[in-house]
Every structure is written in structure tokens, then in C-alpha cells.
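Have a look at the model first.

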Amino acid sequence: MEVGPLMNCYTPTLLAFFLTFLLVYLIAYFILFRHWGPRARPFATSCFTSLAHGTPAAFLAARAIYREPPGRFASPNSAAQSTALEFSMAYFLTDLLHYLVFFPHDTLFIIHHVATLFVLLTCRYVVSSGAYGILVLLILAEITSPCQNTWSIAKVRRDVSTAADKYYRFLSPYFYALYSMVRGIIGPTFVYELVTFYAGELAEDSIPRWAWISWIVVIVCGILVSIIWVLNNWKLWYSERSSEVEKKFS
């Protein structure tokens, strides 16, 4: 009896990754941040789990695409590429459950995670091709993970910790600059190459039109939200700096 592609989603590798992230989450929640406040505790736990995902995900993705000739956006997924996709799927499943439990009204993040899982799941199990481009974008998304998550944890603690406030103030402009470059310049440039490739009907034999169009929509929406987010943070940083200068000379 033939089994549909979605029925094969629960692979041993995916399950092992999911249990690993779940363990990381539980350690962070019940041990590392057990004395934090009712809102800061789950928030910091999510950031810590994201830290456990970001750099390893970028490494797995880079290792997987290194073995593929550059520019093969429609090539079948290799075993290493499939593993890299499953690693990130396991993380987003874990963090999605986190938001559904602790922050069910945070619609934007929930939509982001569901949309990201849609891209990863269809690339891995339905289309089984096109992982090269998805993994390049994953690397670009996760390259800022160490800065973003430590910055986020410091932000939530800056009112009760002088060290956290100092770290937040120090890191903010450098993190915003890196984030702006990756999400505002490098990411869109690569997405343009993807769209050019797909629109040229070079991928029709491997990736159906509905798949690559939906992927691009999700990716472009994600980049636009990221750009708006970092612009708002730049405005806040500039406002805080201006206020400090005014107080200094008043």
C-alpha cells in the first residue's frame, strides 16, 4: 500500500530532534530561568531554545549545501539537506507549542511559525526538491541568532539588571546593523535570484508552481516584517540616544 508524502513526516530523525529541543526547553524553563517572572521566564526560555537551534542549524545547512553545486535551486534534496530541514522543523514545532501555551494571542509569531513550517514541510516531504535555496535563506536567517537572542534576553532583564542593561545598550547598534544588512540587502538579493530562476520555468519539472509561489510569498512577507521590525528598533534607539544627549547637556 502506497503511503502519501505527508504520512512520512514523523521520521525517526525529526522525532529525535523534536525531543532534543523539548529537553532543552524544559531545562531552560525549570532550571535556568526558574526564578524569573511569569512573563520573562517563558520568553527567555524561548530565546534560549532558539539559541540552541540557530548556530547548529546554520552549520547543518552550510554543510549540506556545500556538497551541492551552487545555483541548483530545483535539484532533488540530498540526505544531508533533508536532515537540515528536519532539524529546523523540530525547533519550529517546539517553539510553536510554546507560543500556543504561553502567548496564544501573539498572532504574528504563530503565523510566522506556521508559515515557516509549511515551507519546510512541503520542501522536505511533498516536493522533495529545492532545499538548496531554502537552506541558504535559513543560514541568512540564523546568522543573527546569537546576537538577537542574547539581545532579547538582555532587553527583558534590563530593568532589573545593570549588566543586562549595559549589554543591551552596547549590542543594540551592532545587532541592528548586522540585521539590516542581512535582512535588508543580502536576503532580498538572494530572493530575487530565486524568483528569477523560478519565473524562468526552469524548475517546473521538479518544483510545481503552487509550491515555489507559496514559498516566495512566505519568504517575502517574512523579509518585509523583519525590515519593519528593525526600522522600528532603529527609531527607538535613535530616540533613546537623543534623549540621553539632551539630558547630558541640559
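Q: Why is Arg124 called buried?
A: This is a predicted model, and in it Arg124 has 18% relative accessibility.

Q: What makes the Arg124 and Glu86 pairing a polar contact?
A: Their side chains are joined at 3.0 Å, and the cut-off for a pair of N or O atoms is within 3.5 Å. So the pair qualifies.

Q: How do you know what the chain looks like over residues 108-127?
A: UniProt, in an unreviewed entry, lists 108-127 under "transmembrane region". In the model, that stretch is 100% helix and 0% strand, with its end C-alpha atoms 27 Å apart. Residues 12-31 are also on the UniProt list; they come out at 100% helix and 0% strand, with 28 Å between the end C-alpha atoms.

Q: How do you know what span to expect for helix α5, residues 131-142?
A: Take 1.5 Å times one less than the number of residues. With 12 residues, α5 should span 16 Å, and its end C-alpha atoms are 16 Å apart, so the two agree.

Q: Why is α5 described as largely enclosed by the rest of the structure?
A: Because 11 of its 12 residues are buried. Among them are Tyr132, Gly133, Leu137 and Glu142.

Methods
Residues numbered from 1 in each chain as written. Predicted model: local features only at pLDDT ≥ 70, side-chain atom pairs only at ≥ 80, totals over all residues. Heavy atoms only, no water. Buried < 20%, exposed > 50% of the residue type's maximum accessible area, 1.4 Å probe, protein only. Polar contact = N/O pair within 3.5 Å; in protein donor to acceptor, adjacent residues only side chain to side chain. UniProt positions renumbered as here; feature names shortened; annotations may be inferred. Helix = DSSP H or I, 4+ residues; strand = E, 2+ residues; numbered from the N terminus.
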